[in-house]
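Hello,

Here is the structure you asked about.

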Amino acid sequence: CFMRLGSEPALLIYDNVVDFEQITKWLPVSGMRLHVLLTTFVVGDAHEWAWIDVPLLSEVEAVALATEVTDGKLSVEKCREIARFAGGLSIQVVSEAAASNFELRKRREPFVGAGIAPATSASFARPYALLDADARLLAHSVRYLSPHRIPIAEISLHLGWSEDRLSSALDLCEDLHLIALDTHLSMHQLFAKFLAENALDSEEELSLREVRCQQWERFLGAC
């Protein structure tokens, strides 16, 4: 069936690729009239592919998208509110704008920020499922802090890990684009909301409670 696809020109799209070796057998062979597009949240090093980084939307772009989805019927102020809440995620902008459009048709005042759109949640769920226990604990520990500026040294004290252990967990989170790492850590505000809705298992939850106790002691002097 796959080999018959190349009889006519076509675009073959593989969405959310995780393992580039596994996808190899599903790539067109010489003579097949196919173009291939892969999407992935994994940082790859396959040099045979041409990589195009897709950044988050700027606020101007997000406002323009919300305006387009609502056919210009939503106020600029509300579109900006959507843009700020979505934090550059186009799927959340579209979801919020579509919901606002529905409220407008019902002659009701649109409410922005009711929750994470299912598509947004699904976009976080796939990479989150690839995290190991340490990386999950790191992510859940970070979500209690300011998501835009988290000192690495501070989270290291909360976890009480060795430098190698912390680096390994950070690298995995960064490779899956769940945490951004520069001089400080940062986490998308909607991923923090996603974590709040996805509890750890009982053993990992006990470890998180210990981390939270350390955070209380660091910031308030009591647990």
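The notes below go from the whole chain to a few single places.

Please keep in mind that this is a predicted model. The protein chain has 223 residues, and 35% of them are buried. It contains 10 helices and five strands. Taken along the principal axes, the C-alpha atoms fill a box of roughly 70 × 50 × 30 Å. The accessible surface comes to about 13,700 Å², and carbon and sulfur atoms account for 54% of that. If you take the contacts between residues at least 6 apart in sequence, 68% of them join residues at least 24 apart.

Next, a pair of helices. Two packed helices are described by the angle between their axes and the distance between the axes. For helix 2 (residues 59-69) and helix 4 (residues 90-105), the axes come within 9 Å and cross at roughly 35°. The crossing of helix 2 and helix 4 is right-handed. On the helix 2 side, the residues that meet helix 4 are Ala 62, Leu 65, Ala 66 and Val 69. Their partners in helix 4 include Val 93, Val 94 and Ala 97.

On the surface, Leu 11, Ile 13 and Leu 37 form a nonpolar patch, with about 280 Å² of accessible area together. Leu 37 sits in strand 2 (residues 34-38). Its relative accessible area is 41%, so Leu 37 counts as partly exposed.

Is Glu 204 buried or exposed? Glu 204 is buried, because its relative accessible area is 12% and the cut-off for buried is under 20%. Glu 204 lies in helix 10 (residues 202-220). Leaving out residues up to four places away in sequence, Glu 204 touches Ala 133, Arg 136 and Leu 137.

Regards

Notes:
Residues numbered from 1 in each chain as written. Predicted model: local features only at pLDDT ≥ 70, side-chain atom pairs only at ≥ 80, totals over all residues. Heavy atoms only, no water. Patch = residues over 30% accessible without salt bridge, like charges linked within 9 Å, V, L, I, M, F, W, Y side chains within 5 Å. Areas by Shrake-Rupley, 256 points an atom, 1.4 Å probe, with all protein chains shown as cover. Salt bridge = Lys/Arg side-chain N within 4 Å of Asp/Glu carboxyl O. Helix = DSSP H or I, 4+ residues; strand = E, 2+ residues; numbered from the N terminus. Buried < 20%, exposed > 50% of the residue type's maximum accessible area, 1.4 Å probe, protein only. Axes fitted to C-alpha atoms, helices over the stretch in contact; angles between N-to-C directions. Left-handed = near helix turned anticlockwise from the far one by under 90°. Contact = heavy atoms within 4.5 Å.
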